Amino acid sequence: MKKIEGLNEIKMKSAKQAKFREYINKKMIAVFLACIICAVLLALLWAAIYTTIQRRRLQSMSESYTISLGSIYEDVSTELIGIERSSSDSLKLYLKVINPNAETLDITSKGIYFNDVCVQDSMYNKTIDGDKETIVTFYIEYSNIIENLVGETITDISMRYIFEGEDNNIRECSDSGFTYKIGDVTPTRVDSVDQTDDAEDLESQTEEKADIYGTLDGSLSDRLKIKFSNVKETDSYVEFIFLAMNETEEDVDAKFWYEANVNDYTLSMKDIGEFSSHIVPAGGTAVMILKYYTKELQYCGISMVEKLRFYIGEADSDWTEATEVSFKDLGIKMTDSSITENAINNRIPGELSVSEMSEGINIYYVGYETLSSHICLYFDVANTSDEYYGFAFWFAAQVNKCAVKMKSTSEISGALDGNNHVLLTVKFALDDLRNAEISSIDEVMFNFADNLDNKDNMETATFYELDIPID
């Protein structure tokens, strides 16, 4: 009996163990299947998330790339002004950058090349005014290795650059058609070799422009037409000759104002500018002659007159009633003179004290002229803002850190309107400079403000490395 009971107990335990193993096996299989299903679901979910992230990233990259390729900005162009050797192994490069866009833009240079050899790969940030020419300066380390690669004569200069916000869009501007050796005053250009002072060339230029009419904006626009006729040059001034044409049945008693605008420079005409008759007869014409000093045009860097703007009115009218007369695309080439060797080539930016007073104002030294009793220093004063700036200066100044008073005939060429230029002429008596034992002007400092009553808030403009000989 005991053996039978023992066998039954063993059978019962074996049955229980079999059921337990079956239960465990089913549970493990269920858990395993659940794990596989969860893993698959997680993999699908991660794949969906990753795909979405990548799609958005690619879309963002595509949009960024499209923006840079579809930029609304036009490329700038450049022109070599000159190169100075500031030390034995470094150069100071002056480039004129022409911005055809209306907006003032920030550009970053990515590389500067002489004859296709990279001589500067540091990044320089520059601001260039809209619809303007801006002189920018770069400092270049010029080793013997680079000099040997470039060669003795530079015939091509290019700059790779980007506009701010267009990091994926590298642009390039270049200048060629010239020859230049380090140490020359200016590059020799192909078109300048063909220039001549022959009066017949001037006449042929103006004949092509015989039918250019100005645009009139004001009360006389329905009564007069102004036609460009000719240009004449003397050693000291340039004459622009116009015909005032009266198309009405009544005489017009006309006059003009001497302050005018040439290529966005406000310049006062010579006071001998004239009408052949103040009366423009009904159905007839009168000759109108505007005269500008040649040297002022040259120190403004104007070798080609493209735009003229002046004001006319009736004899009993004032400035507020004036009619604006504007000409564009004149293409009048100025002949060279001996003044040019001291003009334009030494364009040096001034360091201005930082203040709201001088915001939007830039001043550049552009040349000098030595006369019998005094020396004239010329400065280009640019207003890059849209607002009028009543530029005023004081005669107290410093030359080489010596207090020297300007001559009282120092002057500016006109009102400094928004986005315009004037020419500041600073004159020093040669005897005053000699008495101060100054044989060469290296540094000049003067003060200016928006009006003469604001002396307490005046600003300082300082210019270095001018190297202007006295004798």
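Leaving aside neighbours within four places in sequence, which residues is Arg 85 in contact with? With contact taken as heavy atoms within 4.5 Å, Arg 85 touches Ser 90, Leu 91, Tyr 142, Glu 147 and Ile 182 in this predicted model. Residues are numbered from 1 along each chain as its sequence is written. Because the model is predicted, local features need pLDDT of at least 70 and side-chain atom pairs count only at pLDDT 80 or more, whereas totals for chains, interfaces and linings use all residues, and side-chain values use heavy atoms, with hydrogens and water left out.

Arg 85 lies in strand β1, which covers residues 77–87; strands (E, at least two residues) and helices (H or I, at least four) are DSSP runs, numbered from the N terminus. Its relative accessibility is 39%, so Arg 85 counts as partly exposed, a class between buried (under 20% relative accessible area) and exposed (over 50%), using a 1.4 Å probe and protein chains only. Gly 183 is 98 residues away from Arg 85 in sequence, yet their C-alpha atoms are 7.1 Å apart.

Turning to the whole protein, 6 helices and 34 strands are found. Of the 471 residues, 41% are buried. Among contacts with a separation of 6 or more, 64% join residues 24 or more positions apart.

Confidence is given by pLDDT, the predictor's score for each residue from 0 to 100. Its mean over the protein is 79, and 77% of residues reach 70 or more. Residues 57–70 stay under 50, with 4 contacts beyond four places in sequence. Residues 205–209 also stay under 50, and there the model has 7 such contacts.
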